[in-house]
Amino acid sequence: MRTPFLALALSLSVSLAAASPAAAASFSCAKAETPDEKAVCDTRSLNDLDVEMAVRFDILKDLLPMGNRTKMQDDQEAWLKDRRACGAEIACLTASYEGRLKVLRGVLSEFAKQGGQ
């Protein structure tokens, strides 16, 4: 059934369009303390990647069964440690986000192929 996937895609599009460029989606820029967080808040392209990553992660977190959800959350925590290791280096942060987004897009694509079951 494609209807739930279309609703999911529409939700993702609306969420991405509504995101404020002044704040990253996965954390408060007003509370950014680490070099990686500050770089994400100060760099529009990184902010955009962060918004997409956070929206996809939140959608998947709600859709996946408990075991898969736990693994995805563990993977996200490991990725955050890797991102932090980039410091404020834009190229490293960009590569980190692109790698994580590739994984999240793949999970969402597989979920859609299975019809959300």
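The protein chain holds five helices and zero strands, so that, read from the N terminus on, its elements run α-α-α-α-α. Of the 117 residues in the protein chain, buried residues make up 36%. If we take the contacts with a separation of 6 or more, residues 24 or more positions apart account for 66% of them.

The average pLDDT of the protein chain is 83, and 77% of the residues score at least 70. Among the elements, helix α2 has the highest mean pLDDT, at 96, while helix α1 has the lowest, at 49. Over residues 16-21 the pLDDT is below 50, and this stretch has seven contacts in the model beyond near neighbours in sequence. Where pLDDT is low, the predicted coordinates should not be read in detail.

We can now turn to helix α2, in which Asp36, Glu37, Ala39, Val40 and Cys41 are buried. What do the buried residues of α2 pack against? Their partners are α3, which spans residues 44-63, together with α4 and α5.

Two of these partners, α4 and α5, also meet one another. Two packed helices are described by the angle between their axes and the distance between the axes. Here the axes of helix α4, residues 66-85, and helix α5, residues 90-113, come within 10 Å and cross at roughly 170 degrees. Because an angle over 145 degrees counts as roughly antiparallel, α4 is described as roughly antiparallel to α5. On the α4 side the contact is made by Met72, Asp75, Gln76, Trp79 and Arg83, and these meet Leu93, Ser96, Tyr97, Arg100 and Leu104 in α5.

The next feature is the set of links between cysteines. A disulfide is a covalent bond between the sulfur atoms of two cysteines, and the count for this model comes to two disulfides. When the bonded cysteines of the protein chain are numbered in sequence order, the pairing is 1-2, 3-4.

One of the disulfides joins cysteine 29 and cysteine 41, whose sulfur atoms are 2.0 Å apart; with -95 degrees about the S-S bond, this link is left-handed. Cysteine 29 lies in the loop between α1 (3-18) and α2 (35-42), whereas cysteine 41 belongs to helix α2, so the pair ties together parts that are 12 residues apart in sequence. Is cysteine 29 buried or exposed? With a relative accessible area of 18%, cysteine 29 is buried, and cysteine 41, at 17% relative accessibility, counts as buried too. Alanine 30 lies in the loop between α1 and α2, yet alanine 30 counts as exposed, at 77% relative accessibility. The C-alpha atoms of alanine 30 and cysteine 41 are separated by 9.0 Å, although these residues are 11 residues apart along the chain.

Another disulfide is formed by cysteine 86 and cysteine 92, with their sulfur atoms 2.0 Å apart. This link is left-handed, with -60 degrees about the S-S bond. Its two cysteines fall into separate classes of accessibility: cysteine 86, at 8% relative accessibility, counts as buried, while cysteine 92, at 27%, counts as partly exposed.

Key: Residues numbered from 1 in each chain as written. Predicted model: local features only at pLDDT ≥ 70, side-chain atom pairs only at ≥ 80, totals over all residues. Heavy atoms only, no water. Axes fitted to C-alpha atoms, helices over the stretch in contact; angles between N-to-C directions. Helix = DSSP H or I, 4+ residues; strand = E, 2+ residues; numbered from the N terminus. Parallel < 35°, antiparallel > 145°, perpendicular 65-115°, else oblique. Contact = heavy atoms within 4.5 Å. Disulfide = S-S within 2.5 Å. Buried < 20%, exposed > 50% of the residue type's maximum accessible area, 1.4 Å probe, protein only. pLDDT = per-residue confidence, 0-100.
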